[in-house]
Every structure is written in C-alpha cells, then in structure tokens.
Amino acid sequence: MTKEPEIIRIQAGASVPAEVYGARAAILAELMAAEFNVSDAWAVPVEQVRAFGRSIFPDVWPFEADLNQGGLYSLRASPVVRAWGGPETLLNIGMCDAARDALVSSLGANAANALYCRFIQDYAVQVMRLDEEDFEELIATVTDVEDPEYSKVLVAYLAFYEAEMDEPFPQDPVVQLQTAGRSLAAAWSGTSARILREANGAPQDAGLALIAQRMVLGLGQGESGAGVGQMVSPVSGRTEPFGRYLSQGQGLDALNDKARATFLGQDTRGPSLQSIAPDTFDQFCAVSEVARRRFVDDMRLEFTVHDGEVFVLDAMPAERSARAAVAITVRLVADGIKSKREALLGIDPRSLNEVLHPQIDPKADRNVVATGIGASPGADTGRIVFSANAAQASEARHEPCILVRVETAPEDIRGMHSAQAILTERGGITSHAAVVARGLGLPCVVGASGIDIDARTKQLTIQDTGLVLFEGDTLTIDGATGEVILGAPKLVQPDLGGAFDTLMSWADDYRKLGVRANADTPSDARLARDFGVDGIGLCRTEHMFFEEGRLAVMRELIFADRAEDRKDALNLLLPMQREDFIELFSIMQGHPVCIRLLDPPLHEFLPRSRDEIRRVAEEMGLTVSQVTSRIEELSEFNPMLGMRGVRVGITVPEIYDMQARAIFEAAAAIQKLSGTPLAPEIMIPLVSANREVEIVKARIEAVVSNVEDATGTTLKYDLGVMVETPRAALRAHDIAKTASFLSFGTNDLTQMTYGLSRDDAGRFMRQYVADGVFPEDPFHSLDTEGVGELMLIAAERGRQADPALKLGLCGEHGGDPVSVAFCYAAGFDYVSCSPFRTPIARLAAAQAEILDDGSAR
Ligand code: PEP
Ligand code: MG
C-alpha cells in the first residue's frame with residue numbers, strides 16, 4: 001500500500017512536488033536550494049488539507065514544540081497551480097498571553113501588545129468571520145488612533161472577542177493553528193472560491209495544500225519590515241526597481257497600507273527602501289538576480305526584513321504588460337539565461353496585439369456604454385462623425401474622429417482612412433468595416449447591436465439606457481474587448497522598440513511557413529515591408545478603384561452600355577492600374593506580389609444616397625432616372641452569392657483583360673529597370689469550376705504575349721485560384737491542372753461552408769459563442785473541423801494532381817495563431833493577413849515549427 005503523503009519540512013533538495021504540496025511549497029524548496037534566507041517551513045499535503053475540512057488533524061505537528069514555546073507561524077495557501085489563487089494568509093499564529101510576554105523584551109511592551117491585537121483581529125475576521133469594522137470602531141473608542149496605547153486596545157479586543165464568540169480568545173497555539181487550517185480548507189471549498197478558480201482554468205477537484213512557516217517578524221530592532229518588489233518595470237520591462245516596502249510591517253502590509261509604504265528603489269515621489277536602508281536594498285537586488293537566473297525569468301519577490309537582513313517568502317514571475325514581456329524575455333536571452341527557443345515559446349502571439357497598438361491605460365476608469373465584437377485591436381478616442389465625408393472634414397480640421405456607421409461600404413474607405421477608429425451597428429469579424437480597419441491598423445468594433453444609429457439626424461442611441469449621443473461627442477473604442485467607452489480614458493502608446501524587432505528576427509530564423517501581408521495600396525505595401533513580411537499574399541485590386549478620381553471612371557465603365565464606351569473607361573483606368581502595380585512591385589523589391597483580379601459585385605461601386613446619385617448623374621450627363629434604373633438593373637437579392645469574382649471576369653472580360661495588361665506592363669517596366677525577371681502572381685476570386693479558370697487563363701495568355709511583343713520582354717507569371725467555395729475545394733484536383741497555386745479565401749469559404757453571411761453573423765455570434773453553440777467565432781478562428789476539413793481535402797487532391805502546387809491562406813484567419821498552426825501542419829507554403837497581424841503570424845509560425853515533433857509535416 002502506498003503511504004499517504006505527510007506534512008514535510010521544506011528543505012533544499014527535498015522532494016516537494018507541486019501536485020502534492022502546491023506550487024508555493026515547490027517554489028519555497030527552490031528558494032532554499034538557491035540558498036536564500038528562507039525561514040523554516042512545513043508543507044501540508046492536499047489530502048491532509050481536505051481532512052482539515054472534516055476536523056481531522058495530525059496527532060502532533062512537527063513544529064509543535066516550537067509553537068508552544070512562543071514561536072509564531074504563518075499559514076499560507078499553496079494551490080497546486082498558482083493561478084488558482086487561494087484564501088488569504090494568516091500571520092502570527094501562536095500569539096497569546098505567554099507569547100506576548102516573551103516578546104516584550106525584544107519589541108517593547110507596546111509593540112508586543114500591538115502584534116497581539118493584530119492577531120486577535122486577523123484571527124477573528126479571517127477565521128471566525130467577525131466584522132473588521134467592529135474592531136476598527138473599537139480601537140477608536142479606547143485610544144488615540146494616531147498614537148495608540150495597545151494595552152488598552154488589547155483589553156478591549158479580548159473582551160469583545162469573548163462577548164462575540166461566547167468563549168475566551170484561544171490561548172493554545174495548536175488550537176489556533178488547527179482552527180485556522182479548518183477555516184482555510186473551508187474557504188477553498190466554498191462556492192464563490194470554486195467559481196472564481198474555475199474561471200482561471202482550475203478543475204472541479206482542484207487541490208489546496210498549505211504552508212506553515214516560522215515568522216520573521218518584520219518588527220523590532222534595526223531595519224525591519226516587509227515588502228513586495230521586482231527589478232523590472234511592469235509597463236516597459238526596463239531594468240528598474242518596482243515595488244513597495246513598509247518598515248515595521250508584515251506580509252502584504254506594504255501593498256495594503258499605501259499611505260505609509262515607501263517605494264523600493266530611489267524615487268522622486270518619496271522615501272524608499274534604497275534611501276532608508278541602502279545595504280538591505282542591495283541585498284534585495286542581489287537576491288532578485290539569483291532568483292532570475294534560478295527561475296529563468298524576472299521574479300517578483302515577497303520578502304521580510306529582519307534587522308537589515310532580507311528573507312524571501314515567495315517568488316512568482318514578475319508582473320508585466322505584453323510589451324514588458326517582450327523586453328524581459330529578450331534581455332534574458334541576451335544575458336545567456338534563456339534560450340531563443342524558450343523565449344519564442346514563452347510569448348503568446350495574441351499578446352502582441354497589445355504591443356502593436358495603443359491601449360487604454362489599465363488603471364483608467366472605463367465608462368462602457370455599449371459592446372460589440374472587437375474586430376480590430378487597439379484603442380483610440382475621437383469625436384463622433386456619422387459619414388465618411390464628415391470624417392474627412394474632421395481630419396482636415398485636425399480633429400480626431402470616430403466613424404460611426406450602421407455598416408460600412410467600399411465608398412466609405414476614404415472616410416475610414418481619416419478616422420481614428422470605427423464603430424458599426426452591424427457586421428461580423430470579416431465584414432467590410434472589420435477587414436478594412438485591420439488593414440489600416442485602426443481599432444474597430446462591429447456588430448454593436450445594442451446601439452441605434454440614425455445618420456440622418458446624427459444621433460446614436462444606446463438602447464439599454466436610452467443615452468443619446470450626438471455628432472461631436474467624444475467616444476473611445478477598444479477594438480480588443482469590443483467596448484464602446486464614453487469620454488477619453490488615458491491611452492498608452494505602443495513602442496515597437498529594439499526588443500520587438502529582435503524577437504521577430506528570432507521568429508523568422510525558426511519559421512519555415514511563409515508570412516505575407518494583405519496589402520492593397522502602396523502605403524499598405526510599405527507598411528507590410530516595414531513589418532518584414534515575405535511578400536504580398538493578397539492585393540484586393542477593387543480597393544484601388546476607390547482612390548480619388550477613380551470611382552467616377554469606374555462608374556462610367558459600369559454605366560457604359562456599349563463595348564466601345566467601356567473601352568474608353570478602361571483606357572482611362574489602365575494607366576492608373578499600371579502605376580499602382582509599378583509602385584507595388586518597386587516597394588516589394590522582388591518579393592512575391594499576389595494580385596487578385598476584381599472581386600466585388602459591380603453595384604458596390606454605384607452611388608447609394610440621393611445626393612450621390614444626383615452628383616453622378618451630373619458628372620456623367622445622365623438623368624437621375626437613368627442612373628437609378630442602372631442601379632436597379634445591377635441590384636441582386638444576394639450579391640455575395642451573385643455576380644461577383646470570376647463571374648464578372650467572364651461576363652465582362654474587358655475588366656480582367658485591362659487588369660492583366662496593367663500587371664504585365666508594370667512587370668515589363670520594372671524588369672527593364674532592374675534587369676531582373678519578375679514573376680507576378682495573378683489570382684482569380686470566387687472560382688467554383690475549373691472551366692472558369694481555363695477561360696480566364698486563355699485571355700491572360702493572350703494579354704501576356706501581346707505585352708511581350710509590344711515591350712520586347714519575356715514575361716513570367718503564376719496563375720492562382722482562390723478557394724472560396726466548397727466546390728472549388730472539392731474539385732481542387734481539376735483546378736490544379738490549370739493553376740499553379742491555390743490560396744484559401746477563408747472568409748468566403750467559412751461563409752459558404754456554414755451558409756452564414758459574413759456581414760450579418762455579428763448579430764448573433766456573441767450569443768452563439770457565449771451559449772457554447774460554436775466554440776469560437778469561425779470567422780475569427782478557423783473552424784478546423786468543417787472548413788479545415790475542406791481545406792485538407794483540397795490540399796490533398798490538389799497536390800495529388802500537381803505535387804508542386806503552392807498552397808496559401810489569405811483570409812483573416814492568417815493572423816490567428818491556431819489557424820496558423822493548422823496551416824503549418826497541413827503543409828501550406830504561406831499565410832497572409834493584414835500587415836498589423838503579421839507579427840502574430842510570424843511568432844505563431846515559429847512556435848509551430850519549434851513544437852513540431854516531426855509528426856506535423
Ligand atoms: C476571403 O474571402 O477569405 C478573402 C480573402 O477575400 P475577401 O475577404 O476579399 O472576400
Ligand atoms: Mg473572398
């Protein structure tokens with residue numbers, strides 16, 4: 001029969017497994033092994049703590065003799081996993097009349113009585129559940145609280161305790177210890193504690209062990225006290241002391257008594273441990289450095305000082321923001337303490353969002369008036385505007401603004417560029433507003449269904465509270481949490497310093513999966529290049545047509561009835577497109593650039609409001625009714641499933657011809673300039689049958705030879721297909737015969753696989769996820785079971801037909817770590833996502849490579 005674990009003395013080299021004695025006990029053993037000053041301590045195993053709950057205690061405690069002779073002990077929670085928390089520590093167990101008498105000689109009568117009073121109060125409140133306020137009130141009735149005479153307080157406390165509990169305060173230290181043990185066990189099994197720790201991932205039968213430790217009093221002669229501190233800034237990660245210390249204090253007093261506590265290191269705001277006891281501070285620094293090397297991390301230490309000497313009570317990873325985490329880990333590698341591999345695995349890729357964008361200061365108050373889906377991270381503040389034009393006007397006045405729309409449309413792009421952040425009533429994680437905002441790096445909240453927007457009267461109403469906001473009111477958008485905040489809480493700006501670049505360069509050394517950016521314009525491409533991506537994985541060319549001066553030409557094209565009229569408009573668009581591509585190719589300096597031919601339904605380019613229709617009619621010499629009837633002709637019941645993507649390419653082939661010509665003429669120009677060949681990638685959207693690809697390819701072939709003849713250059717290109725329909729995935733083996741790469745457009749593929757509109761899913765997605773109908777928003781994190789299954793089928797079938805077939809992903813999932821790991825395991829060549837998300841993808845790709853035990857690919 002295996003022996004039940006017993007209470008053990010924690011010692012250097014002793015086996016103190018965390019599953020049995022809790023994480024704190026295990027750390028304490030490590031601290032002892034590192035030869036820190038650690039006071040004697042014993043660990044009570046999880047099973048025994050459970051028995052305490054049933055009032056079963058050891059016959060004899062191993063430190064009972066000392067306890068009975070005036071030794072004071074603390075009883076501290078040691079949960080199996082630190083993050084599960086635990087009940088508060090009880091200090092000074094053993095304090096009684098006799099112990100007080102013994103302390104008078106070293107502390108003096110008043111301090112000894114004060115300590116006794118403190119224990120009575122702590123014991124009464126923490127163990128016996130009496131009211132703390134009663135004690136606070138009592139003290140004020142018997143003595144001057146500014147200069148208390150504790151002999152009087154003691155008499156009052158003992159009498160009060162006896163009156164409340166119907167028994168005198170226990171004088172037997174073992175009784176105190178056991179009662180405290182039972183109380184801690186009961187607190188752990190209480191419902192609220194259980195719910196709280198289960199929210200932190202604890203299982204139902206989560207275990208609590210306890211530590212009984214001989215007190216280092218923190219009181220008395222010389223410099224004595226207690227504090228909590230770390231040698232790194234929790235905000236920036238820079239090496240600097242951060243913490244609080246309280247002379248003549250115990251436990252966490254320094255944190256609880258902010259008025260009396262001092263700083264840890266020299267500080268202009270007030271006294272510090274460094275200024276009052278420099279030697280003790282130096283000891284703390286030395287101890288921190290040893291702990292850092294021992295635990296391969298910067299640590300936060302709880303410590304007590306006795307007569308100038310530092311004793312360590314507990315050590316845990318130093319508090320840090322995401323930005324600080326990067327700086328800390330990079331310095332640990334530079335100091336030879338941590339390997340690059342460990343550093344890369346230790347950072348959660350999602351946490352980089354916090355590093356890349358401004359955030360609301362965690363200490364700031366948030367007056368949250370509504371919530372939606374956090375669709376693009378970061379936070380920003382501005383005055384409400386209700387239209388793209390108003391946003392541009394606001395920018396012209398240098399007045400930061402938040403663009404608030406029911407939903408956005410392509411024609412809002414310029415206004416979105418001008419806004420600080422975007423809020424929409426409708427839409428999901430891949431709606432127009434969300435995709436564009438991520439591309440621009442703007443905070444964005446979509447699907448805030450609890451608000452009503454009336455762009456006409458310029459009012460935003462919060463349904464729950466009836467609060468009405470007007471144009472010009474100040475809002476802050478938190479695109480990570482989905483919160484809409486009234487007013488302007490303080491923001492913390494990102495600081496992509498050297499540490500971030502260093503970490504990214506290590507990620508690049510490890511990863512094999514390519515990471516590209518979705519970049520539509522030269523400024524996107526510059527941003528992408530500055531982020532160090534491997535190329536452009538998706539250039540949505542339609543965004544180019546919304547640039548100044550182009551929309552009108554595009555509209556002329558759409559309104560043209562005859563092929564010749566279309567030709568005129570296309571001849572105007574051709575040089576503009578060619579210039580776009582020349583710029584893109586030069587910015588990307590030979591890195592792959594994947595250009596998608598026009599995708600959205602043509603009616604997206606048409607005017608919507610009455611004013612706009614009138615303006616278009618004026619510009620084009622048409623009547624309002626002619627414009628309106630053309631709009632009606634083009635309108636569809638289901639535009640996302642209608643005349644878009646390759647269907648436009650086949651039915652109005654001149655558009656794709658013009659785009660192909662612009663691409664090849666740009667490539668020829670760059671080739672001539674640089675002298676090195678350039679092979680653009682051309683991608684066809686929304687394909688569902690190989691025949692579509694064959695038809696488009698035949699026309700592209702004609703264009704390329706035409707441009708080759710005209711320019712006297714030899715041109716190469718790769719033709720790819722976006723797999724966005726389930727049928728394209730299932731017929732990948734056909735398509736692979738015509739295309740040389742497949743890029744999964746997982747936004748549309750998710751929409752089509754679920755039969756769920758990407759623009760409307762936001763209305764119920766939050767509830768779906770909260771109720772556990774879907775584990776996650778599938779537009780946010782790839783549905784590996786359904787959509788992923790289709791991708792695997794396509795990858796296998798496609799590569800069977802052509803083993804050299806390149807595979808990529810260019811939906812928004814490309815910036816989601818779980819989806820990146822999926823693509824890595826599936827043997828993809830690259831993922832592509834908004835520039836601001838590429839660092840997340842790079843780190844996730846490196847982690848996938850490091851964690852690959854050979855089974856992934
Ligand atoms: C997609 O559908 O995943 C995609 C990248 O294309 P878009 O978002 O432009 O439809
Ligand atoms: Mg798509």
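This is a predicted model: local features need pLDDT of at least 70, side-chain atom pairs count only at pLDDT 80 or more; totals for chains, interfaces and linings use all residues.

Trainee: What makes R300 and E319 a salt bridge?

Mentor: Their side chains meet at 3.0 Å, N to O. The cut-off is within 4 Å, so the pair counts. R300 lies in strand β9 and E319 in the loop between β10 and α13, 19 residues apart.

Trainee: Why is R300 called buried?

Mentor: Its relative accessible area is 17%. Buried means under 20%, so R300 qualifies. E319 is at 40%, between the 20% and 50% limits, and therefore counts as partly exposed.

Trainee: What about D361 and K490: buried or exposed?

Mentor: D361 has 10% relative accessibility, under 20%, so D361 is buried. K490 has 57%, over 50%, so K490 is exposed. The two side chains form a salt bridge at 3.6 Å, N to O. This pair links distant parts of the chain, 129 residues apart.

Trainee: How do you know that D734 and R731 form a salt bridge?

Mentor: Their closest N and O atoms are 3.0 Å apart. That is within 4 Å, so the pair passes. The structure holds 57 salt bridges.

Trainee: Which helix gives the most to the negative patch?

Mentor: Helix α6, residues 132-142, with four residues. The patch includes E88, D131 and E133.

Trainee: Why is E133 called partly exposed?

Mentor: E133 sits in helix α6. Its relative accessibility is 49%. Exposed means over 50%, and buried means under 20%, so E133 falls in between.

Methods:
Residues are numbered from 1 along each chain as its sequence is written. Chains are lettered from A and ligands numbered from 1 in the order in which they are written. Side-chain values use heavy atoms; hydrogens and water are left out. Patches are made of residues with over 30% relative accessible area and no salt bridge: like charges are joined within 9 Å, nonpolar side chains (Val, Leu, Ile, Met, Phe, Trp, Tyr) within 5 Å. Accessible areas come from the Shrake-Rupley method with a 1.4 Å probe; for residues, only the protein chains shown count as cover. Lys and Arg count as positive and Asp and Glu as negative; His and the chain ends are not counted. The place of a charge is taken as NZ of Lys, CZ of Arg, CG of Asp or CD of Glu. Helices (H or I, at least four residues) and strands (E, at least two) are DSSP runs, numbered from the N terminus. Buried means under 20% relative accessible area, exposed over 50%, partly exposed in between (1.4 Å probe, protein chains only).
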